[in-house]
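Hi,

Here is the structure I said I would pass on.

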Amino acid sequence: MTCKWYSLCPLRKFEKEGKLDNFWAQNYCKSDNNWKNCKRYQLEEKGIAHPDNMLPDGRMDENL
């Protein structure tokens, strides 16, 4: 199953720009269940704002 926020996630833009490889999409967003462990997903579900450069593991990537 894919995360319901996949198509809206700003990480897709960074992938298209070549700033982020698809490791995150494959290991979180498009995984069977690991998308539930994505910090971005968890915050989104609670309606809590988070920066666009936050990775699924919760770290900030200052290069994004």
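This is a predicted model: local features need pLDDT of at least 70, side-chain atom pairs count only at pLDDT 80 or more; totals for chains, interfaces and linings use all residues.

Residues are numbered from 1 along each chain as its sequence is written, and side-chain values use heavy atoms, with hydrogens and water left out.

On confidence, pLDDT is the predictor's own score for each residue, from 0 to 100. The chain averages 95, and 100% of the residues score at least 70. (Helices are DSSP runs of H or I with at least four residues, strands are runs of E with at least two, and both are numbered from the N terminus.)

Now the pocket. The term means an open set of points on a 1 Å grid over the protein atoms alone, where a 1.4 Å probe fits, with protein on both sides within 12 Å along at least five of seven lines; lining residues have an atom within 4 Å of a point. Points are joined across faces, edges and corners, and the volume is the space filled by probe spheres set on them. The largest pocket holds about 180 Å³ of space. It is lined by 16 residues, and Trp5, Cys9, Pro10, Arg40 and Tyr41 are the closest to its centre. Helices H1 (11-16), H2 (23-29) and H3 (39-46) each supply at least two lining residues, with H3 giving the most, at three. By type, the lining splits into 12 nonpolar, one polar and three charged residues. Here Ala, Val, Leu, Ile, Met, Phe, Trp, Tyr, Cys and Pro count as nonpolar, Asp, Glu, Lys and Arg as charged, and the others, Gly among them, as polar.

Next, salt bridges (a side-chain nitrogen of Lys or Arg within 4 Å of a carboxyl oxygen of Asp or Glu). There are five in the structure. For burial, I call a residue buried under 20% relative accessible area, exposed over 50% and partly exposed in between, using a 1.4 Å probe and protein chains only.

One of the bridges pairs Arg12 with Glu15, at 2.9 Å from N to O. Both residues sit in helix H1, three residues apart, or about one turn of the helix. Arg12 is buried at 7% relative accessibility, and Glu15 is buried too, at 19%.

Lys13 and Glu17 make another, with their closest N and O atoms 3.8 Å apart. Lys13 is partly exposed at 47%, as is Glu17 at 40%. Further along, Asp57 and Arg59 meet at 2.8 Å, N to O. Asp57 is partly exposed at 28%, and Arg59 is partly exposed at 48%. Shared partners also join Lys13, Glu17 and Lys19 into one salt-bridge network.

Last, the cysteines: how many disulfides does the whole structure hold? Zero, taking a disulfide as a pair of cysteine sulfur atoms within 2.5 Å. For Cys9, the nearest cysteine sulfur is that of Cys29, 5.8 Å away. Cys9 counts as buried because its relative accessibility is 15%, and Cys29 is buried as well, at 8%.

Cheers
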